[in-house]
Structure formats: C-alpha cells, structure tokens
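Work through each task before reading its solution.

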Amino acid sequence: MSVLEYVRSQTKEFLESMPKSVRKKKGQFFTSLETAMFMAEMFDFSNCGDEVSVLDPGAGTGILTAAFVDRVFKENPNIRITITCYETDTEVLPVLKNNLEHLKNTFKDILNYRIIEEDYILSQSNDFQENLLASKNPEKYDYVIGNPPYLRVMRDNPSAIAMPKVVHGAPNLYFLFASMSLFNLKNDAEMVYIIPRSWTSGAYFKAFREYFLNEGKIENIHLFVSRDKVFNAEQVLQETMIIKVRKTEKKPDNVLITSTDSSSDFENITKLRVPYDSVVAGDELYVYLPTNETDINVIKKINMYHSTMPDEGLKMKTGIVVDFRQWEELRKEPGENTLPLFYSQHIRDGRVNHQPSGKEYDWIIDEKPGLIQKNKNYVFIKRFTAKEEHRRLQCGVYSPSDFEEYEYIGTQNKINFVDKVDGGEMDTQTTYGIYALLNSTLFDMYYRILNGSTQVNSTEINNIPVPPVDLIKEIGEQVLLSKDLSTDNCDRIISEVAYA
C-alpha cells in the first residue's frame, strides 16, 4: 500500500467514526485524496534546494502533507523535507501522529516532522502584529499547503482580536488562517489553499484582501463548476476554490485559471490565462473569476470607465423595512395613514407594480419616519435570486406617477434601490439609463463573474465602473423613446451609446 493510500484509509476510518455534525461545529471539512494530489501538483519545485520546509496549518489527518511529500519525492527522491503541522483537535491528533510516523518510517532520515499542538493563530499573534513581544526571527517556510477551518466567529473571538489588520466586519477562521500562512512564507515562496470564494468581493473581506493581495500575488486559481461536489464525502454547499499565491510584491503578467466539474475529475480540466489586472482590479481589490474569453471581454468592457455610481452622484441602497421585526407597523389592507410596501415580488417585466405580492402584509403605516421614504424615481432590484435563474440582476423602474396619491412609500429589506447620494430625485432619463445598465447582459455577466452567490450586494454594485452621468442620461433617453424595456433593447442601446 502506498503512503497516500495508507493515509486515505486512516482518514476514511476517522471520518466514519466522527459524526459530520460534530466536525461541522468545528468548521472541519476534510480534503479528498484527489484534491490533495491536485493541490500538491500546483507547486513549482524547479528552483528548490536540497532541503525544503513545508507548513500544514490545521493539518487534520495529514492528507495534504502526504500528497505534498509524495510529489516531492517522485521528482527528487534525495531531497530532505522538514514538515511542520499545527493541530489542536484531540480527536484527530492520534490519526495525524500515526500518519506522519508512517511517512517517517517510509522515507527514514530524509524526512523529519513535528506537530505543534498550539492554536495556529494565537501562538503567532505577536509576530504577526510585529509588537514588542514579537520574535526577532519568526520561522518562515518554503511552502504552505492548507485546508483551513471554515467557521464564522465573533469579532471578539481571540483569533479575530489577534489579527486586527485583516478583520473588517464578520471574521471567518479561513481568512485568518490564510493571512497567517502568507505571513509564514519566506519571500518569493508559495502557498496553495482550498478556501471559499466569498472573500473575492464585499466589504467584510476588504481588510483581508488589502493585506493578502498586497503581500502576495495570485498565480493560479482553480474553480469547481459543481459546488456540491468539492468535498464530496462532506456534503459542503460552499462556493469553493483552490488558489496558489506567491509572497511577492511583483505582479505576474497573468493568472492561470483552471476549472473542473468536481474534485473527482481532474483529468477533464479547462485552462485559461487571464491578464492579472483583469483578475485583481479596482480600489477594493475585488477578485474576478472569468472562465472563458467572453468573460475576459466583459471585464475589459466594464473597466473602460473608472467612475462608479457614487462618483456620479448615485447610489444603490438596501430596502428599509425588515418585515419580521416590524409586524406592528404592517397592514393587510390599505386605509387611512397607510402606504404601499414594496417587495421583490412587485418587480415584474422591467416595472414596479403593487399587485398582491403573495405576502401577508403589503402595506405599512406612516407613523415612523425611519421606515418610509419619499415617493420619487427609483430603480428597484431584487436582492436575492435562485441559483438556477437565468439572471442575477433583476430590476424594474419605479415611477412615482403610478402611485401619485402617496407622498411616501415603504421598501422591504429584500430589495435594493438606486437613489441620489444627496437624497434628491433622479431625473427620468437617468432613472431609465441606470435601469438599462443593470438590465443589460453585460452588467449581469460582470456581476456573476464577480460574485458567485445569489445575493445582490449593494456595496459591490456601487463599486462597478459606470459611464459618466451624461452618457447614462443619453442611454435613458433612448430607452424612453423606444418604449422597450427588454434586455435585448437595453443591450443594443448601451452598446451604441457607451460600449461601442
């Protein structure tokens, strides 16, 4: 039995003995052998010396380490490897120790290992923060390979407090581990990590992206088309990716983006080389994940412009009324001192109506100013869509003249709306111009490349480059003249006016 088959059998035994519900609470999702071998293949060993050091933080059963060792010795059977594994889970530690000892017995004196049974983050927090208690020469490694715990923690969690420079909003252990792993690398060294793709956009991950993408540069991204087949034994419904990052300030010319349907068909792989600036772009350092030439062209077209909606005096905001918290203010029927409450169900065919939404309450009383807003021009957009739906961006023009008997209205929290930054009113041409952009195939494709989730995030929309407001108005005028709100018509007009 090969060392990889031995480690796989020991891992399988452990998984069968430990309920998924228990491991999920710890954020543990174990890597398949096929994925571990693929990750090991991503490293470049062409310039390594006679000795290499590898770090596996949160090592679990050691399957990633085993795959790394197997690849190294296949290429150079005389190289010396020093392994460092961090692991604190007392349930899995005996399995890890057994597997590493098996590696040691197989490869003898050319392999040495140590297991550090300390918290990976807390044990190095002083070094990471470079404070007075930091080591003068913290240990650095030639390679890091990792599958970190995926667990959201509170901002007062000790691990989050230990790494303030990468925490903004809701922390997750996976990006704390990734940041520390980059810190643990020698200059110009490589790390390969399997992580969710949620960090690639959004405000919560901004501080992490700034650290991670300034200290390191992405060289390779692997995507899985079927998100439910990555940890196929674990049933994880995460949008997951594998990244290879080099610790350097020098940007590569391009990024290799590969993809497979799942973690069991690495034989059927698609490859695409993408200019680095088309993958990591903008002040927010969003990471875009194009998978074909069409996606690359979409990114280039959008990036023709450099201002955003807020730069042009416009802003997407989130609906105000959280209905399950405001039951007392909601009403089933219209009446005195009641206003229409709009849900995503009221967005249909490019317009906003107030037909019965299927919700119990379609009205709200006007007694709380903080729950209502001016009846004026808006573009409404659904915040949530189903994964299988054809479009992610589904929007409609809200016309105040359709509800002229009301001075104010209510918007439920599951819609977003575009308004003027200063609280004034968009003119009709601008309103229809913004609608045309958001309703276009170009913007829908761009948003899908940026964000793999089914949620439309207002922060992300506000960071998408848009044409100047005079061109937006011209687009709106053309839409108004055509009296056609279809996507095909919006595509034609924005292409002629702003994206020729």
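**Exercise 1.** In which helix do Arg71 and Glu75 lie, and how many residues apart are they?

Solution. The model is predicted. Helix α4, residues 63-75, holds both Arg71 and Glu75. They are four residues apart, about one turn of the helix. Their side chains form a salt bridge, with an N to O distance of 2.6 Å.

**Exercise 2.** Describe the salt bridge between Asp419 and Lys317.

Solution. The N to O distance between these side chains is 3.5 Å. The pair links distant parts of the chain, 102 residues apart: Asp419 belongs to strand β22 (residues 415-420) and Lys317 to strand β12 (residues 314-318). Asp419 is buried at 5% relative accessibility, while Lys317 is partly exposed at 27%.

**Exercise 3.** Which parts does the salt bridge between Lys368 and Glu329 tie together?

Solution. The side chains meet at 2.9 Å, N to O. Lys368 is in the loop between β17 and β18, and Glu329 is in the loop between β12 and β13, so the pair ties together parts 39 residues apart in sequence. Lys368 is partly exposed, at 43%; Glu329 is buried, at 9%.

Note on methods. Residues are numbered from 1 along each chain as its sequence is written. This is a predicted model: local features need pLDDT of at least 70, side-chain atom pairs count only at pLDDT 80 or more; totals for chains, interfaces and linings use all residues. Side-chain values use heavy atoms; hydrogens and water are left out. A salt bridge is a side-chain nitrogen of Lys or Arg within 4 Å of a carboxyl oxygen of Asp or Glu. Helices (H or I, at least four residues) and strands (E, at least two) are DSSP runs, numbered from the N terminus. Buried means under 20% relative accessible area, exposed over 50%, partly exposed in between (1.4 Å probe, protein chains only).
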